[in-house]
Amino acid sequence: EILRDTADTVDVFCPQDPDTLALVGCYYTWNAAMKACPEGWQLPNQSNWKTLVNQISWTAPWGILETVCNTNSLTYNSIQGNDVYGLNITPSGTCNSITKKIIFGGSAEFWTSTALNESFHGIAVFSFINDNLKTDSYTEHSAFKSVRCLKR
């Protein structure tokens, strides 16, 4: 199911192409991301992402992304995540907030609920090039990023 907050259509960008939409979903500003999760779910904070990666690392010392995504199928026009954790993280990249152009740069960037200040908020960045997760990254709240929700 694709999450959308219809009250904030300016803060949500969903690709028009059905294949791209099915592949990467919608992109949200931080304000829209904070409202995107359905009842009983929440936007994870940076610590939640670190905990997830630590848990996976115990069972997958050969590489986090090899476990959370079938890296053999990673191409930018046909990306299919497939993993035992149900994460199915694909390199959805980011979306330019002005041009609405999706930039597939070998990463997946997810909003977190963590705030640095009123202008910059935390993101969790999975790098498919370096096979790592960086959770100490921050970006402007007006940027478009992906959303994953955590069950409360």
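User: Is F110 buried or exposed?
Analyst: F110 is buried, at 4% relative accessibility. Buried means under 20% relative accessible area, exposed over 50%, and partly exposed in between, with a 1.4 Å probe and protein chains only. A caution: this is a predicted model, where local features need pLDDT of at least 70, side-chain atom pairs count only at pLDDT 80 or more, and totals for chains, interfaces and linings use all residues. Residues are numbered from 1 along each chain as its sequence is written, and side-chain values use heavy atoms, leaving out hydrogens and water.

User: How many aromatic pairs does the structure hold?
Analyst: The structure holds 3. Rings of Phe, Tyr and Trp (its six-membered ring) pair if their centres lie within 6.5 Å; planes under 30 degrees apart are stacked, over 60 edge-to-face, and the rest tilted.

User: Why is the pair of W49 and F110 stacked?
Analyst: The ring centres of W49 and F110 are 5.1 Å apart and the planes sit at 20°, so this pair counts as stacked.

User: Which parts does that pair tie together?
Analyst: W49 lies in helix α3 (residues 46-59) and F110 in strand β6 (residues 107-115), so the pair ties together parts 61 residues apart in sequence. Helices (H or I, at least four residues) and strands (E, at least two) are DSSP runs, numbered from the N terminus.

User: And W49, buried or exposed?
Analyst: W49 is buried, with a relative accessible area of 5%. W49 also pairs with F126: the centres are 5.5 Å apart and the planes at 75°, so that pair is edge-to-face. F126 lies in strand β7 (residues 120-127), so this pair joins parts 77 residues apart in sequence. W49, F110 and F126 form one aromatic cluster.

User: Switching to cores. How many residues has the largest nonpolar core?
Analyst: The largest has 16 residues; V12, C26 and W111 are among those with the most contacts inside it. Such a core is a set of buried Ala, Val, Leu, Ile, Met, Phe, Trp, Tyr and Cys residues joined through side-chain atoms within 4.5 Å.

User: Which element gives the most to this core?
Analyst: α2 does, with 4 residues. Apart from this core lies another, of 11 residues, including W49 and F110.

User: Now the sheet. What is the strand order?
Analyst: The open sheet runs β6-β7-β8, with antiparallel pairing. Two strands pair if DSSP finds at least two bridges between them.

User: How many bridges join β6 to β7?
Analyst: 6 bridges join them. At one of these, A115 has H121 in β7 as its partner.
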